[in-house]
Amino acid sequence: YEAQLRPYVEGQWLSSKMADYYVGVNADEAKAGRPSYEAGNAFALKAGLKYERPLTQRITLNAGLDGTTYSKEITDSPIIARDVVWGTYAGATYRW
């Protein structure tokens with residue numbers, strides 16, 4: 001059983017409606033330090049590493065690390081504090 005380390009890259013397009021739902025600020029939600037904001041079409045780019053290590057024929061350990069960066073339509077929102085979001089996961093897979 002050999003371990004595998006695989007890099008990956010993925011892109012995601014978000015319509016203005018979807019981006020605004022997540023990072024927009026309606027006029028009735030605006031306050032000092034948080035002005036109203038309407039997001040346009042946006043793009044996200046994620047890059048990461050996936051690790052898989054089979055323990056047996058049925059059980060595999062999984063782990064990953066990734067970073068996602070967003071276009072200015074997302075990062076310009078007053079409720080977004082970072083340009084890059086980091087993520088990790090770890091787990092196991094059982095094959096029936």
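Student: What makes a run of residues a helix or a strand here?
Tutor: DSSP runs decide: H or I over at least four residues for helices, E over at least two for strands, numbered from the N terminus. The protein has two helices and four strands. Their order from the N terminus is β-α-β-β-α-β. This is a predicted model, where local features need pLDDT of at least 70, side-chain atom pairs count only at pLDDT 80 or more, and totals for chains, interfaces and linings use all residues. Residues are numbered from 1 along each chain as its sequence is written, and side-chain values use heavy atoms, without hydrogens and water.

Student: Why is S77 called buried?
Tutor: Buried means under 20% relative accessible area, exposed over 50%, partly exposed in between (1.4 Å probe, protein chains only). S77 has 3% relative accessibility, so S77 counts as buried. S77 lies in the loop between helix 2 (72–75) and strand 4 (84–94).

Student: Which residues does S77 contact, leaving aside neighbours within four places in sequence?
Tutor: V23 and Y37. Contact means heavy atoms within 4.5 Å.

Student: What makes a set of residues a nonpolar core?
Tutor: The members are buried Ala, Val, Leu, Ile, Met, Phe, Trp, Tyr and Cys residues, joined through side-chain atoms within 4.5 Å. The largest here has nine residues, including V23, Y37 and A39. Helix 1 (16–23) and strand 2 (42–54) each give two or more residues to this core.

Student: Which residues does A39 contact beyond four places in sequence?
Tutor: S16, A19, D20, V23 and E73.
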